[in-house]
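Let's take a walk through this protein, one piece at a time.

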Amino acid sequence: MKISGTFFWLFVTCAVFSSAIAVAGETLYVSDQLVITLRQGKSTKHKIIKTIKTGTSMELLEKKKDDPYVKVKLGTGEIGYVLDQYTTQETPKSAIISLLEKEVKGHEKKLSQLDVERQKLAADLKALKDEKAQKEEELGSAAAGLDQELKQAKDDLQELTAKYNDLLDKSQKVVQVTDERDSLLKTNTILTSEVDVLRNENSGMKQSGFIKWFLAGGGVFFFGWIIGKVFSGK
């Protein structure tokens with residue numbers, strides 16, 4: 001599809017015209033490495049208000065077609081006219097570099113603050129690690145002491161248990177011995193009674209035997225005496 005020459009040139013004219021029109025309120029910059037003048041009017045005959053360098057930002061207040069001057073307002077408040085050919089809507093490299101330098105300084109400051117915080121955190125972490133190690137050492141010592149006390153308590157418990165069992169065994173033997181003693185006492189009492197009976201019986205038997213022997217001896221003597229008399233009488 002072919003585009004007519006009239007339409008083509010109309011399109012180019014509109015594009016150029018639209019690119020040449022600046023919008024009020026936009027920020028303009030001094031282009032290149034220049035020092036330009038801010039004047040009270042639109043000619044070199046007007047008084048210079050201030051000189052401004054490349055990268056200085058300005059607020060566009062007024063711009064007319066085919067007018068070499070534009071009306072601007074500086075960030076410091078001054079209002080005047082500058083040559084449009086020394087302004088641009090693009091941020092100059094120097095301004096970009098300046099902004100980047102500011103950003104870099106800001107980042108460096110933040111990095112410095114972060115480094116200080118990091119060092120503080122590192123110190124706090126080291127302190128916590130040292131405290132943790134100390135606590136672990138104290139807990140280890142306490143655990144070792146408790147283990148020793150527990151072992152001693154177990155040993156003492158075993159010893160006491162052995163003594164208790166020994167005493168229990170002895171107490172059972174004492175009961176057994178007591179029972180045996182009581183039994184022996186009863187047996188001894190019975191035997192003592194029997195011995196007394198036997199002694200009494202033995203005593204009676206001795207007396208009876210003595211009488212018998214005495215009578216027997218007296219009888220023998222008496223009969224001997226009679227026989228003697230008889231034989232002596234002859």
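Arg39 sits in strand S2, which covers residues 35-39. Helices and strands here are DSSP runs, numbered from the N terminus: H or I over at least four residues makes a helix, and E over at least two makes a strand. A salt bridge needs a side-chain nitrogen of Lys or Arg within 4 Å of a carboxyl oxygen of Asp or Glu. So what does Arg39 touch, leaving aside its neighbours within four places in sequence? It is in contact (heavy atoms within 4.5 Å) with Thr44, His46, Lys47, Ile48, Ile49, Gly80 and Tyr81.

Before going further, a word on where this comes from. This is a predicted model, with residues numbered from 1 along each chain as its sequence is written. Local features need pLDDT of at least 70 and side-chain atom pairs count only at pLDDT 80 or more, totals for chains, interfaces and linings use all residues, and side-chain values use heavy atoms, with hydrogens and water left out.

Now step back to the whole protein. It has 2 helices and 7 strands, and from the N terminus on they run α-β-β-β-β-β-β-β-α. Of its 234 residues, 11% are buried. If you take the contacts between residues at least 6 apart in sequence, 54% of them join residues at least 24 apart. The accessible surface comes to about 19,300 Å², and 62% of that belongs to carbon and sulfur atoms; such areas come from the Shrake-Rupley method with a 1.4 Å probe, and for residues only the protein chains shown count as cover.

Next, the strands. Two strands pair if DSSP finds at least two bridges between them. S4 and S5 run antiparallel and are joined by 5 bridges. Met58 has Leu74 in S5 as its bridge partner, and Glu59 stands opposite Lys73 in S5. The hairpin of S4 and S5 has 5 residues between the strands, and there Asp66 takes a positive phi near 65°. S5 is also joined to S6 by 5 bridges, again with the strands antiparallel, and here Lys71 is partnered by Tyr81 in S6. In this hairpin there are 4 residues between the strands, and Gly77 has a positive phi near 105°.

What makes up the largest nonpolar core? A nonpolar core is a set of buried Ala, Val, Leu, Ile, Met, Phe, Trp, Tyr and Cys residues joined through side-chain atoms within 4.5 Å. The largest one has 10 residues: Leu28, Ile36, Leu38, Ile52, Met58, Leu60, Val70, Val72, Leu74 and Val82. S2, strand S4 (57-63) and S5 each give two or more residues to this core, and S5 gives the most, with 3 residues.

Finally, back to charges. Side chains of opposite charge can pair when their charged atoms come close. The whole structure holds 11 salt bridges. One of them joins Lys50 and Glu78, with the closest N and O atoms 3.8 Å apart. This pair links distant parts of the chain, 28 residues apart: Lys50 is in strand S3 (residues 48-53), and Glu78 is in the loop between strand S5 (69-74) and strand S6 (79-83). Lys50 counts as partly exposed because its relative accessibility is 30%, and Glu78 does too, at 24%.

Another salt bridge joins Glu62 to Lys64, with 3.7 Å between the closest N and O atoms. Glu62 is partly exposed at 30% relative accessibility, and Lys64 is partly exposed at 48%. Over in helix H2 (residues 93-233), Lys163 and Glu159 are 4 residues apart, so about one helical turn separates them. Their side chains meet in a salt bridge of 3.6 Å, N to O. Lys163 is partly exposed at 46%, and Glu159 is partly exposed at 42%.

Key: Buried means under 20% relative accessible area, exposed over 50%, partly exposed in between (1.4 Å probe, protein chains only).
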